[in-house]
Amino acid sequence: MINKIILISFVVVNLSAKEPEQGKNVYENHCIPCHEHLPYSLQKIYMLYLKTFSGELTFKASLKAFLKSPVEETSVMPDEWIENFSVKEKSELTDKELDEAIDTYWKLYDVRNTLH
Amino acid sequence: MSVSKNKGTNLLRRSEKSSLRRFLALYFTLVVMILSLLGTFYYQSKEKLMYSDQRTILSNYAHEQIQQLRRLHRDFPQKSDYPRSSEFRSAIYDIERSKIFSTLKHPEVNFDKELHHQGGMITSVTYLDDYYLGTKYLFIEIDEDKDWYSGVMMEIFTLGTIILVVLAIFGLFFVNLFLRPMKNSIMLLDDFIKDTTHELNTPISAILANIEMMNLEVMGEKNNKKLSRINIAAKTVSHLYQDLTYLTLDHNRKSNDEWIDLKTLIEDRVEYFAILAGSKKVLFSLDLNYSTIFIDGIKIARVIDNLISNAIKYNKRGGTIHITLRKDYFIIKDSGIGIEAEKVNDIFERYTRFNSSEGGFGIGLNIVRSIIEEYSLKIEVASVLGEGTTIRVDFLKGTVDDK
């Protein structure tokens, strides 16, 4: 019986610990590799999104919508950028993966953590 | 008849004073209410003006802070110090009303009121179009100007006092204007009495002197009765003359106070009124101890004369008058018609009479009261309708001879 409890506890702890880890992996594996070679850093893009959408929910919903269906009209990037690099391709990630990646992105650059 | 200025008649009667007091109370209540209302409006307009000034100041601060946020947004995260000022405090909130950063003293913010006044602080909210650092709502907080409040209150108090004084002067002026017809009527009556009084003196003196000189022994019984009636009538008129003279002429003369033997005085006045009392078969019952009082002789005689005269006038036929004199008081008690309890306080008013069937002007007890008040004596009236009236006059310590 005790062995069962220990096993279940181990699985639960492992799963809950795995979720953010997964989000971080999605972000690191699917976002950073492309963006790290671009002149506009992810942090700068974050500030553009923040300036345009303000709140966390609006920010995340707008970014997700863009990633799922990227068009010039909904892009927050400057015109020069779009002229040079065009609009990104549609993301192949699932909704869950996108949510996890965007959560990680939000937390990483949230201004509340840095302002003092 | 012309209306002359007379010190005695210019004095307001009690009823006039009472009317004056009521009018002034009503007038001042209304004035104070109107002034309070005006003060409130003035305060509100000044408050609006103050808020308008503060709004301009807050707007300038907000503009300044937006520029700082714009620069910080551009340089973020290399620069991450939230812009602060010694002039104001601020807070930024995102579009979902979630706090980003705040330096406010008062943590509660109002998103829907452009200007918020709470806890001695004024807070303004500005809505941003470009969400620098995610800011949709920018709050600017400053301390309320406390000098403004004391300044405005001082202005209201000073202006209110000046207006109140000016209106009080106007009030008094209007009261005098409204009371003038009433005062003129009283003065006319007083002047008429005064003029008539002069003409009464000589014939009454002549009648009384001649009656005194008549030899009653040689006259028949019928003529004696007739003469007695003439004597009574003349004395009644003489008594009225004395009152009128006192009221119109002697009232303002300087008192000539001296020690008066009250026992002798009362006996003398009883003897004077004996014929008058005899006509109604009213009997005197005297219980007089020796007493002296330091007072004007004419004035105390007016008091006693009027009290005895009333006791006879309003007595029953065949009634009695008990006069008691002790060291520091005297009592005159009659067995007359009495006075209704609610009218007891009015008997001292001038031109008020117990009973319209009796003659007189209703000035006797008014004279009594004026003398009583002048010498700070105490008068008490106890009356039972149909049984009689008891009037007690107490002398104050110092006016009676303690020897």
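Ile367(B) sits in helix H7 (residues 364-374) of chain B; helices here are DSSP runs of H or I with at least four residues, strands are runs of E with at least two, and both are numbered from the N terminus. This is a predicted model, in which local features need pLDDT of at least 70, side-chain atom pairs count only at pLDDT 80 or more, and totals for chains, interfaces and linings use all residues. Residues are numbered from 1 along each chain as its sequence is written, while chains are lettered from A and ligands numbered from 1 in the order in which they are written.

Is Ile367(B) buried or exposed? Ile367(B) is buried, because 23 other C-beta atoms lie within 10 Å. The cut-offs: buried takes 20 or more other C-beta atoms within 10 Å of the residue's own, exposed takes 12 or fewer, and partly exposed is in between, with C-beta atoms placed from the backbone. Setting aside neighbours within four places in sequence, Ile367(B) is in contact with Asp243(B), Tyr246(B), Leu247(B), Arg302(B) and Asn306(B); a contact means that the two C-beta atoms, placed from the backbone, lie within 7 Å. Take Arg302(B): 65 residues separate Arg302(B) from Ile367(B) in sequence, yet their C-alpha atoms are 7.6 Å apart.

## Chain B overall

Chain B has seven helices and twelve strands. Of its 403 residues, 24% are buried. Among the contacts in chain B with a separation of 6 or more, 68% link residues 24 or more positions apart.

## The five-stranded sheet

One open sheet of chain B has five strands in the order E7-E9-E10-E12-E11, with mixed pairing; two strands pair if DSSP finds at least two bridges between them. At its edges are strand E7 (283-288) and strand E11 (378-384) of chain B, each pairing on one side only. Neighbouring strands of this sheet are turned by 10° against each other on average, direction ignored.

Helix H5 (residues 262-279) of chain B packs on this sheet, where it touches E7, strand E9 (320-326) and strand E10 (329-334) of chain B. The direction of H5(B) makes about 175° with that of E7(B); axes are lines fitted to C-alpha atoms, for helices over the stretch in contact, and angles run from 0 to 180 degrees between N-to-C directions.

## H5 against H6 in chain B

H5(B) also meets helix H6 (residues 297-313) of chain B: their axes come within 10 Å and cross at roughly 35°.

By class, the contact has eleven nonpolar, one polar and two charged residues. Ala, Val, Leu, Ile, Met, Phe, Trp, Tyr, Cys and Pro count as nonpolar, Asp, Glu, Lys and Arg as charged, and the others, Gly among them, as polar.

## Around strand E5 of chain B

Strand E5 (residues 137-143) of chain B is largely enclosed by the rest of the structure, because five of its seven residues are buried. Five bridges tie E5(B) to strand E1 (residues 89-93) of chain B in an antiparallel pair, with Ala91(B) opposite Phe139(B). Strand E4 (residues 121-127) of chain B is also antiparallel to E5(B), through seven bridges, and here Ile122(B) stands opposite Ile142(B).

E4(B) in turn pairs antiparallel with strand E3 (residues 115-118) of chain B through four bridges. The hairpin of E3(B) and E4(B) has two residues between the strands, and Gly119(B) takes a positive phi near 55° there.

In chain A, helix H4 (residues 56-68) and helix H6 (residues 95-109) pack at about 130°, with axes 10 Å apart. H4(A) and H6(A) are therefore oblique to each other.

How many residues does each chain bring to the contact between chains A and B? Chain A gives 15 residues and chain B gives 18. On the chain A side, helix H3 (42-53), H4 and helix H7 (111-114) each supply at least two residues, and H3(A) has the largest share, with five. By class, that side has five nonpolar, seven polar and three charged residues.

How values were computed. Parallel < 35°, antiparallel > 145°, perpendicular 65-115°, else oblique.
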